[in-house]
Every structure is written in structure tokens, then in C-alpha cells.
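Here are some exercises to work through with the model open beside you. Try each task before you read its solution.

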Amino acid sequence: MEFLVSLLSNPAIMLGLVALIGLLAQKKTGTEIFTGASKTAIGFLIFGIGASTMTGALKNFNELFQTGFHVSGVITSPEAATALAQSTYGFVTSSILILGFIMNLFFARVTRFKNVFFTGGHSLFFACVLGLILKFHGFSDGVAILTGGIILGFCSAFLPELCQPFMRKMTGNDDQAIGHFNMLGYALSGYIGKLFIKWGDETTEDINFPSWLSFFRDFLMGCAFVMLLLFYVSAFAAGPEAVTKLSGTTHWLVFPLLQAFQFTAGMSVLMTGVRMFLGEITEAFVAISEKFIPGSRPALDVPTIFPYAPTAVIVGFLCSYAAGLLAIVTMVVFKFSVVIIPAAHICFFSGGTAGVFGNAYGGWRGAVAGSFVVGLLLAFLPCVLYPLYGDMGVLGSTFPNVDYNMIGMLLNSLLSVF
């Protein structure tokens, strides 16, 4: 069980195995098989190193922001919530993960939803959501595993299909799907973008910056500038003592500079990894699609689409984070039972991706509007299911993404009726 969970929750190994199978099916030479499978896994690991570096910097920003602006509440961190769920319901959630992947292959084979989901971490988060809800309603382990596995497998095949019209628009082909359980939000952002379709040519990538902001034409330099601004505002608000708790021996005024540049370096590494593994896995997947699951495509993590509209990623991050801050004010004013604090790394990856989807048809207006709406959903939707998770022992954190919450709310409502 531990071996299977470790295997299925590690996308680098899974994608390497898929590349291996695809290259074997194409009867490549031993050298080509080894090289292709290895480069796929190594590329994804490079991608993961970049993502981890960015996430670490954003978590530090989150802590400085909360301290500086005296914000307290429940942080939307699926990693922390999953750790709490696994400690009590590890067998159920792990079994749902394994069965969910098997059912994903089954649904991709027998239905018109030909997407094979490879973002193992997100599958584990979703398995925890499903396991918690099913156990809350008194299901035995066996029934919870069977029910949760079927739901997870179907959602893994079906939900990427909602985003595919926008993926075709962005990438120019139908070879890749998005594999990140915020797909209802991304599709919504894409359709919001279509409301601005007559301005669709005015994309985020063609924004004419004045000469003194010309560095924004270089995506990494624009990213560095935005992060410098955010880190220093938060650091000055938090004060030297709070910053020093995070920075250790590094001077408190140097720490924001290093964190902003570390985030930008992580983005550069991430992009390198994406380019490395995406070409290999796409080529290898052709044979799998033809021989085993005709017409199938890999559903991959969101940074694989960042190169198509990198400026939209920054726009989406800022707009979704602004929406989250507005949601905090609303929750405090209207005295919600729980105040949900948006995590910066969630807003970056999910809000940034929503910006890319909104930009596809609606240009920069679609990116702004779509990511802002998704930011509101990331903040308000977790309020509904958090009391249920609290009753199951998951306190202090929750699952933020739109798919977890929308499908979780639907499942919870159905089970409450019956």
C-alpha cells in the first residue's frame, strides 16, 4: 500500500513510466527509451524544484502579510489539511487515490472523456475531501473507498474536458489537457473572458508599457519587480522583529529582496522543467493514445500553460489575491463563523492560471475579470464545508480549490437528503 501510494502520488515517476511504455510501444531503441523516460522524469523533477522554491517564498510572504496587517483566520492550505486527514483516515484516502487512478483509465477508455490525470498531488487532495465527506456520513471503509474512487476517477476524466476549448485556443492543438482540480474555476474564467471577446486581441502579452516600465516586457523581470513590491510592503508592515523570525541571520531589509529573487529564480527553473518534460511526454503519449486508450491525452499541471501567456499569470495572481483580501473584509464585516485567509501560493497557481484562461478569448480584460471571480470562489467556497472538516478533526486549515468544494458540496447535499 505504501509503495502504491508513493508511486501514484509522485507525478515524476508516473510520467516517466508513461513515457517508458509509450516509447516501448513505438519500438524505440534502448538508448532512446532510457533517454526519453529519464528526461521526462528529470524534467518534471526540475519543474517541481521550481514550484517548491516559489511556494516556499510565497508562504513567507503570507506569514509577513498576516503579521503586518493583523489578519487571522483559517489558511487555505491543502497540504496541511491533507496531512491532518491522512493521520486519521490514511487507509481510506490512500485507497481512494489508487482506485481513482484505475477508474480514470477506465472512464478514459470507455467514454468520450479521454483525459488521463497526472497531477498526483491534486488527486491525493481530492481523495481526502471525498474520504472525509463519505466517512462523515457514516459509510464503511469499503463503501467509502468504492464510492470515492469512482467519483475521483470520473472527475479526473471529465473535468479537464470543460477546459479543453480554451486549451485548444491557447496551445493551438488538442494534444494536452489541464490536470488541476480547479477546472470548474478555469472554465468559468474562460467563459467570463468570452464576454470581452471583441477586445480579445488586446491580450496581456501585448500591453504597451511606458519606457520606464519597459522591463515588464521581460516576463522574469516583471515578475521580480512585482514580488519585490509585495515583499517589501509586507516586511515594512510586519516590522523588523517579525521579519527576523523568518530571516534568521539575514538582515531584515535584505530578506525581502532575496525572497523576491528566489521566487523569480524558481519561476525560471519551473519554466525550464516544463519545456524539458512536455515535449518528451507528448511524443511518448502518442503511442499510448493509439494502442491502449485511443484518442487520449495527458492532463498535466497548470504551469505547463504558463509559457503561453506569462504576463497573464502575474495579472491573474494579483487580481485573485485582491479578491481574496476583499473576501476577508466581507467575512469580518458580516461576522462569518470562519474567516478564510487566501494563501499566496494558491492564488498564484490557481489565480494565475485563471488569468491565462480569461486572456485566451477576452484579452487583459478577461484575465482581470476571470481571475478576480475565481479569487472570490477560492475564498468563499471553503466556508461551506469547513465545519464538516472540523467535526472530522481537520482544524486550522482547509481545501481551497473550486472543484473540491463544488463537488464536495454537491456530494454532501445528496448524502444529507438520502
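The exercises below cover a sheet and a helix.

This is a predicted model, in which local features need pLDDT of at least 70, side-chain atom pairs count only at pLDDT 80 or more, and totals for chains, interfaces and linings use all residues. Residues are numbered from 1 along each chain as its sequence is written, and side-chain values use heavy atoms, with hydrogens and water left out.

**Exercise 1.** Work out the order of the strands in the open sheet.

*Solution.* Start with the terms: strands (E, at least two residues) and helices (H or I, at least four) are DSSP runs, numbered from the N terminus. Two strands pair if DSSP finds at least two bridges between them.
- Next, take strand E1 (residues 74-76), which pairs with E5 in the parallel sense over two bridges.
- Within this pair, valine 74 sits opposite isoleucine 340 of E5.
- Then put the sheet together: its three strands run in the order E5-E1-E6, with parallel pairing.
- Finally, look at the edges, strand E5 (340-341) and strand E6 (397-398), each of which pairs on one side only.

**Exercise 2.** Find how many residues of helix H13 are buried, and name them.

*Solution.* Apply the cut-off first: buried means under 20% relative accessible area (1.4 Å probe, protein chains only).
- Helix H13 spans residues 382-391, and seven of its 10 residues are buried.
- The buried residues are Pro382, Cys383, Leu385, Tyr386, Leu388, Tyr389 and Gly390.
- Step just past H13 and you reach glycine 393, with a positive phi of about 95 degrees.

How values were computed: Buried < 20%, exposed > 50% of the residue type's maximum accessible area, 1.4 Å probe, protein only.
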